[in-house]
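Please keep the model in view while reading.

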Amino acid sequence: MYRTNTCGELRISDIGKQVTLAGWVQRSRKMGGMTFVDLRDRYGITQLVFNESDNVELCAEANKLGREYCIQVKGTVNERQSKNVNLPTGDIEIIVSSINILSQSDTPPFTIEDNTDGGDELRMKYRYLDLRRSCVRSNMELRHRMTILIRNFLDARDFIEVETPILIGSTPEGARDFVVPSRMNPGQFYALPQSPQTLKQLLMVSGFDRYFQIAKCFRDEDLRADRQPEFTQIDCEMSFVEQDDILEIFEDMARHLFKEVRGVELPAKLQQMTWHEAMKRFGSDKPDLRFGMEFIELMDVLKGTGSFSVFNDAAYIGGICVPGCADYTRKQLDQLTDFVKRPQVGAKGLVWVKFNADGTTKSSIDKFYAAEVWQKLKTETKANDGDLLLILSGDNANKTRAQLSTLRLEMGDRLGLRDKNRFECLWIIDFPLFEWSDEEQRLMSTHHPFTMPNPDDIPLLDEHPERVRAKAYDFVCNGIEVGGGSLRIYDGKLQEKMFRILGFTEERAMAQFGFLINAFKYGAPPHAGLAFGLDRFVSIMAGLDSIRDCIAFPKNNSGRDVMLDAPSYIDEKQLKELQIRIDINQ
């Protein structure tokens, strides 16, 4: 054995014990005739002591140790004179009797400390070093703990974990597929699964009743803080259940995780909010309920009641009341105006109204409205003296609400209202079954083509499909969509109608989904499912800003693995074996 104990294990009760430790040199300090070395492993840090008066040669060898040298030491546990209350091992130290350098280290490209001097790209390039930092490793440990809790929770409720294939057929409905050429089938390609959606439905047809999988999924889409080209889902499916059954069991799972991981008790019953209500109140189908500032529609107050043409021509006017911010300076208001004009937000401008502490009103459009309009506005918005009203308008209600939602979140950040240690969870239900795609110029599935329409709305499918609600649901926490799912279509004729509405010919539907359509001919049960994003769930629990920090080897914002230098060009011999020729100039 290279060690008898770990670097986080020894305590005051171990004084006098002969031990062997192994790990990495965190730092060393020379003080007079003594050298102190902090030895680190996954479990903690223990201080080593070398004394010239006891062994000059050993102390000289210790003075040659560099950061991140991997070493083994033997010695005696001693009570530390200058104790470190910040370390669990801070009451003891090791009086070293021998040292064995297992491997030397070059000078690391950044400090292996919680507060490191390495930037994101540098840390991603040397991710194996970044993972030595305790703050990064703790995210991996949290992820491990959550997956164990999830597996045990689902196992106790009769779920069976089943692995599904990674190499499948392409189903280009939705995000773009990653494709893999087949050498044995020239000119043909596998796709990496965007989710195990159709496969878990087939497991329900197979009679498995309750399935789950910690599943790798792949989507070729533009990246952001909560997206990676490959990600992990807690993928689940159940037979013979209604929507309330699904919500109840997975609400219980979320409640179990929050209690075990964060010591937080979620309410006995989570709020359910319809998609239409969420869009009207917050402009988002993943509202952050940690703070207020709900939307106030102002068409009746401001349209046609003054000479401001922007409002008079608008299809939607909405605002948020920001408590206690009437003292914002002109510079701060200009910064907010610049913020909403950014391409990522897309608004043409911002109107502000100050309800000053002295009872007076000041606005960026004062000259266009009479005093009584401002008084009515104050009453309508329930604003108090000292509050600030921020208003956006536009010719497209949904687009303007989305812009106002972004502004609301920005104000929440600026005012420190989005506390990462507070958790507000809810279900969003009654999504539209379809959404219009400007790019495709047709209706697309809001979730996927296998989502069950609300039975009350099925008569609308032929004439008004855009008005049909889905039996779909999302689990939202702190403004983040953590998971979602739906009841599935299990009637073959209804599934064929869905394909027709989505523009599939019978031939195309059979080519892409014939295996599922045929399976439904053999007694498919009513079934439903849900998938949580494991990466997102862990990042929320850890209070992270990006899911990259809870993934062992993530990609950067360009989808590159800078450590492995992937994606990369492949050898001409491999291309010939695959019968592929590359012409990037076409």
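A residue is called buried under 20% relative accessible area, exposed over 50%, and partly exposed in between (1.4 Å probe, protein chains only). This is a predicted model, in which local features need pLDDT of at least 70 and side-chain atom pairs count only at pLDDT 80 or more, while totals for chains, interfaces and linings use all residues. Residues are numbered from 1 along each chain as its sequence is written, and side-chain values use heavy atoms, with hydrogens and water left out.

Helices (H or I, at least four residues) and strands (E, at least two) are DSSP runs, numbered from the N terminus. In helix α7, residues 275-282, the buried positions are Trp-275, Ala-278, Met-279 and Phe-282. Viewed down the axis of α7, these buried residues fall within an arc of 100°, so they line one face of the helix; the arc is that of the directions from the helix axis to the C-beta atoms. An α-helix has 3.6 residues a turn, so residues three or four places apart point the same way. His-276 and Lys-280, on the other side of α7, are exposed. The buried residues of α7 pack against β11 (271-274), α12 (397-414) and β17 (425-429). Gly-283 follows α7 and has a positive phi, near 70°.

A nonpolar core is a set of buried Ala, Val, Leu, Ile, Met, Phe, Trp, Tyr and Cys residues joined through side-chain atoms within 4.5 Å. The largest such core has 75 residues, of which Phe-250 and Phe-537 touch the most other members. Helix α6 (residues 243-262) gives the most to this core, namely nine residues. Apart from this core lies another, of 22 residues, including Ile-320, Val-322, Phe-339 and Met-411.

Salt bridges, each a side-chain nitrogen of Lys or Arg within 4 Å of a carboxyl oxygen of Asp or Glu, number 45 in the whole structure. Arg-143 pairs in this way with Asp-535, the closest N and O atoms being 2.8 Å apart. Arg-143 lies in helix α4 (residues 134-155) and Asp-535 in helix α15 (residues 534-542), so the pair ties together parts that are 392 residues apart in sequence. Both Arg-143 and Asp-535 are buried.

A salt bridge also joins Glu-237 to Arg-488, with the closest N and O atoms 2.9 Å apart. Because Glu-237 belongs to strand β10 (residues 230-239) and Arg-488 to the loop between β21 (480-487) and α13 (492-501), the pair ties together parts that are 251 residues apart in sequence. Glu-237 and Arg-488 are likewise buried.

Conventions: Contact means heavy atoms within 4.5 Å.
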